[in-house]
Amino acid sequence: YTRVFRRFSYLNECPILNTIPENIKDNLRILIKNPALREALGKAGRVYAVKYHSFEAMQAMFQVIYDKIWYNKEVDLMNMYHPLHTNSYNNQTPQVAHPLFENKIPNALLSTLNQ
């Protein structure tokens, strides 16, 4: 159910490890035993938070909304964060890099972490 959102937004940049009650113990064990992974996710989390939740990010978003509401400007609110539009907000800075794939630890990385 997140496939469309993942494809047409910035969800793939989010460095949060997806977990559910059934695998939380395994994921916590992996994170506890791998300080380098925790560090990589922590640094990526900081970059992500600055890119999408900083004052500057909110200012950019609300400026477009205000332009639409107050000044009746033709703005494309649906595509403010579209990955294929070069002028979208999320394409104005580099993508947030992290070791996860679709918010999960890739099998190749998982096999090296378990050794």
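Are Tyr48 and Tyr52 buried or exposed? Both Tyr48 and Tyr52 are buried, and the close-ups below, taken from a predicted model, start with these two residues.

**Figure 1. Tyr52 takes part in a tilted pair with Tyr48 and a stacked pair with Tyr10.** By the pairing rule used here, the count comes to eight aromatic pairs. In the stacked pair of Tyr10 and Tyr52, the ring centres are 4.1 Å apart and the planes make an angle of 15°. With a relative accessible area of 3%, Tyr52 is buried. Tyr48 and Tyr52 form a tilted pair, 5.1 Å centre to centre with 50° between the planes. Being four residues apart in helix H3, Tyr48 and Tyr52 are separated by about one helical turn. Look for Tyr81 and Tyr89 as well, which form one aromatic cluster with Tyr10, Tyr48 and Tyr52.

**Figure 2. Three salt bridges are found in the structure.** Arg3 meets Glu102 with an N to O distance of 2.5 Å; Arg3 is in helix H1 and Glu102 in the loop between H4 and H5, 99 residues apart. Arg3 is partly exposed at 42% relative accessible area, and Glu102 is partly exposed at 22%. Lys51 and Glu13 also meet in a salt bridge, at 2.9 Å from N to O. Lys51 lies in helix H3 and Glu13 in the loop between H1 and H2, so this pair ties together parts 38 residues apart in sequence. Here Lys51 is buried at 7% relative accessible area, and Glu13 counts as buried at 4%. Lys43 is exposed at 54%, whereas Glu39 counts as partly exposed at 45%.

**Figure 3. The buried residues of helix H4 line one face of the helix.** H4 has 15 residues and reaches 20 Å from its first C-alpha to its last, close to the expected 21 Å. Ala57, Met61 and Asp67 are buried in H4. Down the helix axis, the buried residues fall within an arc of 125°. Turned away from that buried side are the exposed residues Phe55, Glu56 and Ile69.

**Figure 4. A nonpolar patch lies on the surface.** Phe62, Tyr66, Ile69, Trp70 and Tyr71 form this patch, with about 650 Å² of accessible area together. Tyr71 is in the loop between helix H4 (55–69) and helix H5 (107–113). At 58% relative accessibility, Tyr71 counts as exposed.

Methods: Residues are numbered from 1 along each chain as its sequence is written. This is a predicted model: local features need pLDDT of at least 70, side-chain atom pairs count only at pLDDT 80 or more; totals for chains, interfaces and linings use all residues. Side-chain values use heavy atoms; hydrogens and water are left out. Patches are made of residues with over 30% relative accessible area and no salt bridge: like charges are joined within 9 Å, nonpolar side chains (Val, Leu, Ile, Met, Phe, Trp, Tyr) within 5 Å. Accessible areas come from the Shrake-Rupley method with a 1.4 Å probe; for residues, only the protein chains shown count as cover. A salt bridge is a side-chain nitrogen of Lys or Arg within 4 Å of a carboxyl oxygen of Asp or Glu. Helices (H or I, at least four residues) and strands (E, at least two) are DSSP runs, numbered from the N terminus. Buried means under 20% relative accessible area, exposed over 50%, partly exposed in between (1.4 Å probe, protein chains only). Rings of Phe, Tyr and Trp (its six-membered ring) pair if their centres lie within 6.5 Å; planes under 30 degrees apart count as stacked, over 60 as edge-to-face and the rest as tilted. The expected span of a helix is 1.5 Å times one less than its number of residues. The arc is that of the directions from the helix axis to the C-beta atoms.
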